[in-house]
Amino acid sequence: TVVVVFVTIIATFTLSFKFSNYVGKLHKDVETYTSYKIAQEIKNSSVENPTMFIYKIRDIGFYSNAGIAPTEKYFGLVNFDEEALPEMWQSFKDAISNKRNDFVVTSPSIYKKEKDFLEEYYDIYKEYSDYILLIKA
């Protein structure tokens, strides 16, 4: 049984590393992470005491890298659709339409789908291949 447990543990780790999205980022400098680059853009901006909102994407370290605490009750995407948690989805829209944050981070696909809505309240500050940083218009 010890051998079975050992083999199971090794197999689990092997499969985890093989199929993980983040294995390619192991042993890379922190400066190569988009969340770090975005944090530096915010820190180097002229905005005093900036606030940030992660719009309809998962937080992969944006808040912690920027040293910013979320100001919204719902920040970042969780595994609930609009029917299951309508107040979260409405709060996302309210945070944008009320311009409650200086910066917004989202994905290019979300930006493309909601461009007209987002452009009404925020301008593109910096584009990356995997994320877009917006600033209050």
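From the N terminus on, the elements of the protein chain follow the order α-α-β-α-α-β-α-α-β-β. This comes to six helices and four strands, where helices (H or I, at least four residues) and strands (E, at least two) are DSSP runs numbered from the N terminus. The model is a predicted one, in which local features need pLDDT of at least 70, side-chain atom pairs count only at pLDDT 80 or more, and totals for chains, interfaces and linings use all residues. Residues are numbered from 1 along each chain as its sequence is written, and side-chain values use heavy atoms, with hydrogens and water left out.

## The chain as a whole

Of the 137 residues in the protein chain, 34% are buried; buried means under 20% relative accessible area, exposed over 50%, and partly exposed in between (1.4 Å probe, protein chains only). The protein chain exposes about 8800 Å², of which carbon and sulfur atoms supply 55%. Accessible areas come from the Shrake-Rupley method with a 1.4 Å probe, and for residues only the protein chains shown count as cover. Among the contacts in the protein chain with a separation of 6 or more, 51% are between residues 24 or more positions apart; contact means heavy atoms within 4.5 Å.

## The sheet

The four strands form an open sheet in the order E1-E2-E4-E3, with mixed pairing. E1 and E3 are the edge strands, each pairing on one side only. On average, neighbouring strands of this sheet are turned by 25° against each other, direction ignored. Two strands count as paired if DSSP finds at least two bridges between them.

E1 and E2 pair in the parallel sense over three bridges, and Met52 stands opposite Phe103 in E2. Strand E2 (residues 103-106) pairs with E4 in the antiparallel sense over four bridges. In this pairing Phe103 stands opposite Ile135, Val104 opposite Leu134, and Thr106 has Ile132 as its bridge partner. Strand E3 (residues 122-127) and E4 are also antiparallel, with five bridges; here Asp123 stands opposite Ile135 in E4. A hairpin of four residues joins E3 to E4.

Both faces of E2 are covered: Phe103 and Val105 on one side, and Val104 and Thr106 on the other, are all buried. Strand E4 (residues 132-136) is largely enclosed by the rest of the structure, because four of its five residues are buried.

Helix H4 (residues 86-97) lies across E1, E2 and E3 and runs at about 145° to E1. For these angles, axes are lines fitted to C-alpha atoms, for helices over the stretch in contact, and angles run from 0 to 180 degrees between N-to-C directions.

## Salt bridges

Side chains of opposite charge can pair when their charged atoms come close. The structure holds six salt bridges, a salt bridge being a side-chain nitrogen of Lys or Arg within 4 Å of a carboxyl oxygen of Asp or Glu.

| Pair | N to O distance |
|---|---|
| Lys56 and Glu114 | 2.7 Å |
| Glu82 and Lys93 | 3.5 Å |
| Lys115 and Glu119 | 3.9 Å |

Lys56 lies in the loop between E1 and H3, and Glu114 in the loop between helix H5 (108-113) and helix H6 (115-119), so the pair ties together parts that are 58 residues apart in sequence. Both Lys56 and Glu114 are buried.

Glu82, in the loop between H3 and H4, and Lys93, in helix H4, are 11 residues apart. Glu82 is partly exposed at 44% relative accessibility, and Lys93 is partly exposed with a relative accessible area of 32%.

Lys115 and Glu119 both lie in helix H6, four residues apart, about one turn of the helix. Lys115 is partly exposed at 39%, and Glu119 is partly exposed at 38%.

## Two further sites

Val3, Phe6, Val7 and Ile10 make a nonpolar surface patch of about 400 Å². Patches are made of residues with over 30% relative accessible area and no salt bridge; like charges are joined within 9 Å and nonpolar side chains (Val, Leu, Ile, Met, Phe, Trp, Tyr) within 5 Å. Ile10 lies in helix H1 (residues 2-19) and is partly exposed, with a relative accessible area of 41%.

Gly61 is placed in the loop between strand E1 (52-54) and helix H3 (62-66). Gly61 counts as buried at 15% relative accessibility. The C-alpha atoms of Gly61 and Thr34 are separated by 9.4 Å, while the two residues are 27 residues apart along the chain.
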